[in-house]
Amino acid sequence: MLFRSHVHGVRGLWIGASVADHTHLPLLFTAHNPLPPLTFLPRFALSGMFKRVSQMVAVSQAIATTYVDNGLSAKQLDIIPNGVRLERFENPQQGAEIRKKYKIEENTPLIVGVGRLSSEKGFDLLVSAFRHLRLQMPQAHCMIVGAGDEEENLRQFGWGEANLHFVGAVEEPAPYFHAADVIAIPSRMEGQSIVALE
């Protein structure tokens, strides 16, 4: 089937379903996050949108289950997990360069968190945990790699922590993974974490 419309997420589905209804074009919907438990009215509205979906892709079985539980026909559904390009991780010496840039010795414990700085990603939990960790391991460092609407709040929350580094958005996070002793994924909600796969 040749799809003419491909949308991502429930907001995209709402728009795409309306377009598909008016144009009669096939609609492909990709879900990256699970649905929360829905009450009758949201579930009813969603079922109307499902009728316009020609095919759906979920990035994990857990996500697919939440949609089927809310009325999507399993016949409309394919599971295609997220993937990563492994060649990006073939240069481990990049980690030493990151440590050198931030003046972190090779044997110093380093925690790295990578992702969009938004509430659901839970970086406030990482900052809080790191503050507690520093009471036991004052030499430890933590890097938060990414940008988002919670960045300023996180900076204020972590104020005074000299060993807490806000790197900002980067084009390629692989060097930071190589630099880390621990990769932290403090998300409150994930569909299938790209960072976990990486």
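Four strands form an open sheet, in the order β7-β6-β5-β8, with parallel pairing. At its edges stand β7 (164–168) and β8 (182–184), each with a single partner strand, so one side of each is left without a neighbour in the sheet. Neighbouring strands of this sheet are turned by 25° against each other on average, direction ignored. Such angles run from 0 to 180 degrees between N-to-C directions, and the axes are lines fitted to C-alpha atoms.

The model is predicted: local features need pLDDT of at least 70, side-chain atom pairs count only at pLDDT 80 or more, and totals for chains, interfaces and linings use all residues. Residues are numbered from 1 along each chain as its sequence is written, and side-chain values use heavy atoms, with hydrogens and water left out.

Strands (E, at least two residues) and helices (H or I, at least four) are DSSP runs, numbered from the N terminus. Two strands pair if DSSP finds at least two bridges between them. Strands of a sheet pair through backbone hydrogen bonds, either parallel or antiparallel.

Look at strand β5 (residues 110–114). Three bridges join β5 to β8, and the two run parallel.

Follow the chain on from β5. K121 lies in the loop between β5 and α5 (123–136). Is K121 buried or exposed? K121 is buried, with a relative accessible area of 15%. Buried means under 20% relative accessible area, exposed over 50%, and partly exposed in between (1.4 Å probe, protein chains only). Leaving aside residues up to four places away in sequence, K121 touches R116, P186, S187, R188 and E190. Contact here means heavy atoms within 4.5 Å.

Now turn to strand β2 (residues 27–31). Five of its five residues are buried, so β2 is largely enclosed by the rest of the structure. Both faces are covered. L27, F29 and A31 are buried on one side, L28 and T30 on the other.

Which strands pair with β2? Strand β1 (residues 5–8) runs parallel to β2, joined by four bridges. There, S5 stands opposite L27. Strand β3 (residues 55–58) also pairs with β2 in the parallel sense, over four bridges. Here T30 stands opposite V57.

β1, helix α1 (residues 9–23) and β2 make a right-handed β-α-β unit. β2, helix α2 (residues 40–50) and β3 make another right-handed unit. Right-handed means that, with the strands pointing away from the viewer, the path from the first strand over the helix to the second runs clockwise.
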